[in-house]
Amino acid sequence: MGDLENRVVIITGGARGIGLGIAEAVADQGACVVLADILGEEAKESAKKLGNIHLGIKHDVRKADSAKNLVDQTLESSAASTSSSTTPAWARTPRPSRT
Ligand SMILES: NC(=O)c1ccc[n+]([C@@H]2O[C@H](COP(=O)([O-])OP(=O)(O)OC[C@H]3O[C@@H](n4cnc5c(N)ncnc54)[C@H](O)[C@@H]3O)[C@@H](O)[C@H]2O)c1
């Protein structure tokens with residue numbers, strides 16, 4: 001674990017390439033990452049490979065309503081995790097970090 005333990009980090013364009021590389025580094029530092037990418041399915045698959053506390057969400061950086069949906073879904077997932085018996089780290093961080 002590292003300096004980002006108990007933090008939630010949203011990474012746009014995180015399904016592959018440089019974004020995914022950043023996601024791996026951030027997850028290694030203990031953060032729960034949200035891979036936000038226009039390729040929704042690939043974002044979910046990449047998140048699953050990183051570990052089961054991470055999320056992939058379909059998101060288009062060009063659209064304001066997509067940004068709102070991204071934050072809403074991140075917060076909803078955090079709230080759902082809080083009520084589970086195996087609480088992942090990000091359940092202890094109710095608001096995501098903005099990058
Ligand atoms: N790879 C390199 O060596 C390199 C070097 C210099 C600059 N760059 C630049 O850095 C950027 C990223 O490079 P990469 O190699 O990671 O590219 P990539 O194509 O592997 O990854 C980009 C990611 O962004 C996502 N994306 C595209 N449009 C989106 C949108 N509207 N909303 C949300 N997600 C979107 C893609 O689906 C993809 O997952 C590019 O602009 C590239 O030109 C790359």
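Biologist: By class, how many nonpolar, polar and charged residues has the shell around the ligand?

Modeller: The model is a predicted one. In it, 14 residues surround the ligand, and the closest are Gly 13, Ala 15, Gly 17, Ile 18 and Val 61. By class, the shell divides into five nonpolar, five polar and four charged residues.

Biologist: Which helix gives the most to the shell around the ligand?

Modeller: Gly 17 and Ile 18 are among the closest residues to the ligand. Three residues of the shell come from the helix that spans residues 17-28, and that helix, which gives the most, is H1.

Biologist: How far apart are the end C-alpha atoms of H1, and what span should its residues have?

Modeller: H1 has 12 residues, and at 1.5 Å a residue they should span 16 Å.

Biologist: Why do the buried residues of H1 line one face of the helix?

Modeller: The buried residues of H1 are Leu 20, Ala 23, Val 26 and Ala 27. An α-helix has 3.6 residues a turn, so residues three or four places apart point the same way. Seen down the axis of H1, the buried residues line one face because they fall within an arc of 120°.

Biologist: Which residues are exposed on the other side of H1, and what covers its buried residues?

Modeller: On the other side of H1, the exposed residues are Gly 17, Ile 18, Gly 21 and Asp 28. The cover over the buried residues of H1 includes strand E1 (8-12), strand E2 (32-37) and helix H2 (40-50).

Biologist: How many residues of E2 are buried?

Modeller: In a regular strand the side chains alternate between the two faces of the sheet. Both faces of E2 are covered, with Cys 32, Val 34 and Ala 36 buried on one side and Val 33, Leu 35 and Asp 37 buried on the other. E2 is therefore largely enclosed by the rest of the structure, its buried residues being six of the six.

Biologist: Which residue stands opposite Val 33 in E2?

Modeller: E1 and E2 run parallel and are joined by five bridges. The residue that stands opposite Val 33 in E2 is Val 9.

Biologist: Is Asn 6 buried, exposed or partly exposed?

Modeller: Asn 6 is found in the segment before E1, and it has a positive phi of about 70° although it is not a glycine. Inside 10 Å there are 13 C-beta neighbours, which means that Asn 6 counts as partly exposed.

Note on methods
Residues numbered from 1 in each chain as written. Predicted model: local features only at pLDDT ≥ 70, side-chain atom pairs only at ≥ 80, totals over all residues. Near = placed C-beta within 6 Å. Helix = DSSP H or I, 4+ residues; strand = E, 2+ residues; numbered from the N terminus. Nonpolar A, V, L, I, M, F, W, Y, C, P; charged D, E, K, R; others polar. Expected span 1.5 Å × (residues − 1). Buried ≥ 20, exposed ≤ 12 C-beta atoms within 10 Å, placed from the backbone. Arc of directions from axis to C-beta. Contact = placed C-beta atoms within 7 Å. Pairing = 2+ DSSP bridges.
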